[in-house]
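This note collects points for a colleague to check against the sequence and the coordinates. Please read it with the structure open.

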Amino acid sequence: MNESLSLRQARRIALAAQGLDKVRPAGPVTARAVGRTFARLHLVQIDSVNVLSRSHYLPFFSRLGNYDRSVLQRLAGTHPRRMMEYWAHEASFIRPDHFQDLVLWQSRKWVGAHAMDPALRGDVASRVLAALAAGKPMTAAELTARLGHVEDRQQENWGWNWNAVKRVLEHLFEQGLVSAASRTDSFERRYTLTARVLPPGPDAQSGAEPDPAAAMDRLIDAAAQAHGIGTVRCFADYFRSPLRPAAVAVGNLVEAGRLRPVQVAGWNRPVFRHAEAKLPRRASGRALLGPFDSLVFERRRLEELFGFHYRIEIYTPEPKRRFGYYVLPFLLRDGIVARVDLKADRAAGLLLARAAHAEPGAPADTAVELAAELRLMAEWLGLDRVVVSSTGDLAPALADAVSGTRSGLSALREQA
């Protein structure tokens, strides 16, 4: 008979798997702690929106608090690399041991140069690869200049211009032949040959043909570890894997004892718990979750597990937004209890809470705990203070709590 779990038990399993079930450790955050957190998550999504902070920095703040962001640059830029860029859930930093498996299963043809004339694409690709092999990592613009291309704005078809170079670079990136050596301050990729970023995988070293089925088993196992508990769709969505092969992999992992079927009250779909997933007695954590955090990737799972309906409204016209532009869910203990629209006003040194809304049944200490979390975030971002606007049902209590938090921040941290 399958193990039976309450919904709250399932939540605690999910939070523990993501490293969100406990109070953050006291003291300075080490590079080792950042590396362990990334290893646990397997990936962090990349997004160019910088209204608050680049998206890949936020999951580490959520789990570790005030940490040094330059640690991520070292993890992604020194050898041996602990993280590298590739397509996963979306554009992401991934663990290098997943790279070869993802190359076998990712298909982002709309991003690259698949629509270009094959002869033209091949010519551009050979020149790009030769330039990267002969020199240092370069951005698409630098490669365009190096190859001597000129943009032809009158040409409607793909031609010998800068846009072709960029599209071919993305095509080669998808194929796994080029990778990102680093990013510029304006967030442009500096491309280099993948062979310079990481050594070839064991299949390439041995001459063996890659095994797509085994690769899918490994990806789904990693996704299940990161989730702790979930459905086939949850696990497939983590790396954006095709659903049918993912279902086959789940069956293989059940047979191997890596996954166990369980029953969760109110979750009316087949659910599986990873063999290594822990069930803590209670959840005591507190975190603001970025819009691209891996806990909130799969919206249906989020609603079924936490009763929290969430949509990113960045691309929604302002008059139609319900909660704001860059809204972060607020996790308190084992529930998502509020959401807050945040912006970093770097010039003025302010963290702006432009709207704050409580969820139904939010606990009485929601505003006080959220205020402490906002002050911690301001500290991490190098901002002087938090300013709360009047929008949202939680805003008045949050504004009062922020005013009282400045002097009582240390006490609140000790209590947490």
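1. Terms and basis. A residue is called buried when its relative accessible area is under 20%, exposed when that area is over 50%, and partly exposed in between, with a 1.4 Å probe and protein chains only. Helices (H or I, at least four residues) and strands (E, at least two) are DSSP runs, numbered from the N terminus. The model is predicted: local features need pLDDT of at least 70, side-chain atom pairs count only at pLDDT 80 or more, and totals for chains, interfaces and linings use all residues. Residues are numbered from 1 along each chain as its sequence is written, and side-chain values use heavy atoms, with hydrogens and water left out.

2. Helix α13. On its outward face, turned away from the buried side, α13 carries the exposed residues Arg-244, Val-248 and Glu-255. The buried residues of this helix are Ala-246, Ala-249, Val-250 and Leu-253. They lie on the same side of α13 because they cover an arc of only 105° around the axis, the arc being that of the directions from the helix axis to the C-beta atoms. Elements that cover these buried residues include α11 (212-227), α12 (232-238), β8 (259-264) and β9 (271-274); contact here means heavy atoms within 4.5 Å.

3. Length and end of α13. The helix spans residues 243-255, 13 residues in total, and reaches 19 Å from its first C-alpha to its last, close to the 18 Å expected at 1.5 Å a residue. That expected span is 1.5 Å times one less than the number of residues. Gly-257 follows α13 and has a positive phi, near 85°.

4. Strands β3 (residues 84-87) and β4 (residues 91-94) pair in the antiparallel sense over four bridges; two strands pair if DSSP finds at least two bridges between them. Glu-85 has Phe-93 in β4 as its bridge partner. Glu-85 also belongs to a network of salt bridges with Lys-166, Glu-170, Arg-183 and Arg-189, a salt bridge being a side-chain nitrogen of Lys or Arg within 4 Å of a carboxyl oxygen of Asp or Glu.

5. The five-stranded sheet. An open sheet with mixed pairing has the strand order β10-β11-β12-β13-β14. Its edge strands are β10 and β14 (385-388), each of which pairs on one side only. From one strand to the next, the twist averages 30°. Within this sheet, β11 (residues 327-332) and β12 (residues 335-345) pair in the antiparallel sense over six bridges, and Leu-331 has Ile-336 in β12 as its bridge partner. Helix α15 (residues 366-381) lies across β10, β11, β12, β13 (350-358) and β14, running at about 60° to β10. Axes are lines fitted to C-alpha atoms, for helices over the stretch in contact, and angles run from 0 to 180 degrees between N-to-C directions.

6. Phe-292. Where does Phe-292 lie? It is found in the loop between β10 (286-288) and α14 (299-306). With 14% relative accessibility, Phe-292 counts as buried. Leaving aside residues up to four places away in sequence, Phe-292 touches Gln-45, Asp-47, Ser-55, Phe-297, Ile-312, Ile-314 and Tyr-326. Phe-292 and His-56 are 236 residues apart in sequence but 8.2 Å apart in space, C-alpha to C-alpha.

7. Salt bridges. The structure holds 22 salt bridges. One of them joins the side chains of Glu-3 and Arg-273 (2.9 Å, N to O). Glu-3 lies in strand β1 (residues 3-5) and Arg-273 in strand β9, so this pair ties together parts that are 270 residues apart in sequence. Glu-3 is partly exposed, at a relative accessible area of 31%, whereas Arg-273 counts as buried at 8% relative accessibility.

8. Two further pairs. Arg-240 and Glu-90 meet through their side chains in a salt bridge (2.5 Å, N to O). Arg-240 is in the loop between α12 and α13 and Glu-90 in the loop between β3 and β4, so the pair ties together parts that are 150 residues apart in sequence. Arg-240 is partly exposed, with a relative accessible area of 33%, and Glu-90 counts as partly exposed at 26% relative accessibility. Arg-339 forms a salt bridge with Glu-359, their closest N and O atoms being 2.9 Å apart. Both Arg-339 and Glu-359 are buried.
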